[in-house]
Amino acid sequence: MTQSPYTPLLDQVDTPDDLRRLKPEQLRQLADELRTEMIDAVSTSGGHLGSGLGVVELTVAIHYVFNTPTDKLVWDVGHQCYPHKIITGRRDRIRTLRQGGGLSGFTKRSESEYDPFGAAHSSTSISAALGFAMANKMQGKAGRGIAVIGDGSMSAGMAYEAMNNAAQAGNRLIVILNDNDMSIAPPVGGLSAYLARMVSSSEYLGIRSLASRVIQKMSRRMHDTIGKAEEFTRGMVTGGTLFEELGFYYVGPIDGHNLDHLLPVLENVRDTSEGPVLIHVVTEKGKGYAPAENSADKYHGVPKFNVITGEKAKSAPSAPAYQDVFGLTLAKLADTDDRICAITAAMPSGTGVDKFAKAHPTRTFDVGIAEQHAVTFAAGLAAEGMRPFAAIYSTFLQRAYDQVVHDVCIQNLPVRFAIDRAGLVGADGATHAGSFDITYLATLPNMVVMAAADEAELVHMTYTAAEYDAGPIAFRYPRGNGTGVPLPEVPVKLEIGKGRLVREGTKVAILSLGSRLTEALKAADTLEAKGLSTTVADLRFAKPLDEDLIAKLMRTHEVIVTVEEGSIGGLGAHVLTFASDTGLTDNGLKVRTLRLPDTFIDHDDPIKQYDEAGLNAPQIVDTVLKALKHNSTGITGEEARA
Ligand SMILES: Cc1ncc(C[n+]2csc(CCOP(=O)(O)OP(=O)(O)O)c2C)c(N)n1
Ligand SMILES: CC(=O)[C@@H](O)[C@H](O)COP(=O)(O)O
Ligand SMILES: [Mg+2]
C-alpha cells in the first residue's frame with residue numbers, strides 16, 4: 001500500500017514488528033513523528049528530554065535492523081529511552097511518564113519485554129549486554145547484546161571493566177557509543193577530549209560529505225576476510241585505537257541522525273562482524289527541538305513546558321534549594337580557608353558545586369561519572385591536608401561504598417561527604433531514592449553522620465564538617481527546596497553527637513533525624529490537641545548518637561518514636577540498640593521506629609511516596625496512638641503491625 005506523505009506512520013507502529021514492516025525510505029518520516037510525539041508527551045509530564053531527542057533516529061534504526069526483543073537492547077542510564085518506549089507498545093501510556101502508577105522514566109524489566117534490563121545509574125549497559133550475549137551463546141539461543149552508552153557514561157570505570165572482558169562474546173556483543181559531547185554538564189576529562197578529536201578530525205568531515213561512497217566501501221570490506229575487516233576498521237575511521245586495543249572492531253564516527261548512514265552500518269555489523277564491535281555514533285543532544293538545541297543543558301531534565309516557546313513551567317520557590325545553600329555556603333567558607341575544595345562526579349548543578357566553582361574554579365573538580373574515583377581522590381586530598389568535600393547524591397554514593405570503607409574510614413581520613421537527594425526523590429523513583437546512606441554510613445567505625453532538618457541546619461552542618469579534621473564526616477539533606485527558615489548570618493559549629501530539643505513535653509517524645517522534623521512538629525500539634533504532651537527532638541546526628549539526650553527522654557516519657565528518611569538499620573536501629581544495651585527499655589518503655597519500608601517505592605509525588613512509607617504526620621500520630629493503646633507485651637508481630 002502506498003502511503004501519502006502526511007499519513008502518520010507512527011499510528012501504524014505499536015511495536016518493532018510493525019516498524020520492520022515499513023520501507024527504509026519511510027523511516028525518516030517515522031522518526032520525525034516520533035520526535036514530535038516525544039516532545040509533546042514530555043511537555044505534559046516533564047522528564048528527561050534532550051537525551052531522547054538525540055537518539056530518535058538511532059532508536060528507529062536499531063529496532064529496524066535488529067531483532068528485538070530477541071536481541072537484547074540495553075540503554076545505558078535509560079534516561080534516553082522515551083522514543084524506545086513509544087515504539088515498544090507503550091505509546092498509549094507515554095503521557096503518564098514519571099507519575100504515580102505511570103511509566104517509569106527509565107527502562108524497567110517489569111514494564112516490557114523490550115526492556116531486558118533496568119537502569120538509571122550509569123555505565124552498566126556493556127556488562128549487562130555482555131551477560132545477555134554470553135547467556136544466549138551458552139544456551140545455544142539466538143540473541144545479541146546491544147548496549148547503547150553515552151559519552152558521559154563512558155567515563156565510568158565499569159564500562160572499561162566490561163570491555164576488557166568482552167572478547168569471549170564474539171560477534172554477539174555490539175556497543176553503540178552515543179557521542180553527543182554532553183553529559184548533564186559539558187563532559188570532562190581525557191576520554192572526552194579523545195572522542196572530540198576523533199569526531200572533529202578532517203577525515204570524519206570528509207566521510208560525512210562522501211557518505212554514500214563510504215558506505216559502499218564499508219559493505220564491500222565488511223564482506224571481505226577478517227584481515228580485510230581489520231583494514232576496514234583502520235582505513236575507514238579516524239581513530240578508535242583505544243577501543244581496538246580493548247579487542248573491539250571500531251566503526252565510526254557515524255552521523256547518528258542520518259538514517260542513510262545508520263541503517264547500512266548497522267546492517268553490516270549485524271551480518272558480517274567477527275568479534276565485538278563498537279560503533280561510534282555522533283548525535284546532538286536536544287536534536288530537532290530548537291529550545292533544547294539552543295540551551296546550555298540541552299533540556300536534559302525539564303519540568304512541564306510550552307511546546308511552542310519552550311518556556312518551562314515555574315514553581316514559585318518559597319525557599320532556596322538545598323543544593324544551592326550547600327554550594328554557596330561552601331564557597332563562602334572557602335573564601336577564608338584555602339584547604340577547602342569540592343568534588344563532583346558529573347553533577348555540578350545538581351549538587352550545587354557549580355556555585356562553588358564560580359568562586360573557586362581551581363579548587364573544584366568534576367571527575368566525570370566516577371564516584372569511586374571521586375571518593376578515593378578526596379581521600380588522597382585529605383591525607384595531604386586539604387579539606388575535601390565530596391558532594392555526591394546518596395544513591396550514587398552507593399557505588400563507592402568500598403572506597404568509603406577502605407580508603408576513607410579505615411584510614412580515618414577527614415573526607416567530608418555532602419550527601420544530596422537523601423530520602424525519597426519523587427519522579428525519578430526507586431533507583432534514585434536516597435534510602436540507604438544512614439544505614440550504610442552509620443555502621444562504619446570512625447564515621448560521623450549528620451542530617452539537616454532544614455536549610456539553616458545545612459549551613460551549620462557544612463561549617464561543622466569543614467572544621468572537623470578528626471576523621472570522615474557526612475551530612476545528608478533532601479532533594480528540593482528548604483523550609484523557608486532564615487539562613488544564619490554566621491554558621492555555628494555544632495557539637496559532635498549533640499541534638500537539640502525543639503519542643504518540650506512530658507508523655508510522648510519524637511526523635512527526628514533530618515527533614516521529617518516538619519512532619520514531627522505537625523504530629524506533635526495533633527497529639528497536643530488530643531491531650532498528649534509531646535517533646536520533639538532534632539537529633540542532628542545518627543552517629544554518634546546523643547546518648548545523654550536519648551536516655552533522658554527515655555526515662556521521662558512513656559512513648560518514644562524515632563523518625564528518619566532512611567531504611568531499616570539507621571537511626572531507629574541505633575537508638576534501639578543503645579536502649580536495650582543500657583536497659584532503658586527494660587521497664588516497659590514503648591519505643592517505635594518509623595523508617596522507610598522494606599520495599600522499593602516507585603516514582604510518584606514525594607508527599608504520596610512518604611504517605612506510602614508511613615512517614616508523614618498522620619502516620620506518626622497513628623503510631624503514637626497505637627503504642628499507647630497496645631501494651632505490646634504478649635502480642636504477635638502481625639497483631640502489632642495491624
Ligand atoms: C552512577 C551515576 N552517576 C551519575 C548519574 C547522573 N547522570 C544521569 S545522566 C548523566 C549524564 C550521562 O551522559 P551521557 O551518558 O553522555 O548521556 P546523555 O545525557 O548525553 O545522552 C548523569 C551524570 C547517574 N545516572 N548514574
Ligand atoms: C538521569 C539522572 O540520573 C539525572 O538526570 C537525575 O534524574 C537528576 O536528578 P535531579 O533532578 O534530582 O538532579
Ligand atoms: Mg552524552
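I began at one residue pair: T562 stands opposite T593 in β19. The model I am reading is a predicted one.

Next I looked up the strands on either side of that pair. Strand β18 covers residues 559-564, and I found that five bridges join β18 to β19, the two running parallel.

Then I traced the sheet they belong to. It is an open sheet of five strands, and I noted the order as β14-β16-β15-β18-β19. The pairing in this sheet is mixed.

I checked which strands stand at the edges. They are β14 (500-503) and β19 (590-594). Each has a single partner strand, so one side of each is left without a neighbour in the sheet. From one strand to the next, I noted a twist that averages 20°.

I turned to the helices on the sheet. Helix α23, residues 517-529, packs on the sheet and touches β14, β15 (508-513), β16 (534-538) and β18. For its direction against that of β16 I noted an angle of about 170°. Helix α25, residues 571-581, also packs on the sheet, where it touches β15, β18 and β19. The direction of α25 makes about 145° with that of β18.

Which residues come nearest to ligand 1? Of the 24 around it, I listed S51, S122, G150, G152 and S153 as the nearest. I sorted the shell by residue type and got nine nonpolar, eleven polar and four charged residues. I also looked up where the shell comes from: domain 1 (10-302) and domain 2 (322-476) each supply at least three of its residues.

Conventions
Residues are numbered from 1 along each chain as its sequence is written. Chains are lettered from A and ligands numbered from 1 in the order in which they are written. This is a predicted model: local features need pLDDT of at least 70, side-chain atom pairs count only at pLDDT 80 or more; totals for chains, interfaces and linings use all residues. Two strands pair if DSSP finds at least two bridges between them. Helices (H or I, at least four residues) and strands (E, at least two) are DSSP runs, numbered from the N terminus. Axes are lines fitted to C-alpha atoms, for helices over the stretch in contact, and angles run from 0 to 180 degrees between N-to-C directions. Two residues are in contact if their C-beta atoms, placed from the backbone, lie within 7 Å. A residue is near a molecule or strand if its C-beta atom, placed from the backbone, lies within 6 Å of it. Ala, Val, Leu, Ile, Met, Phe, Trp, Tyr, Cys and Pro count as nonpolar, Asp, Glu, Lys and Arg as charged, and the others, Gly among them, as polar. Domain bounds come from an automatic or database domain assignment.
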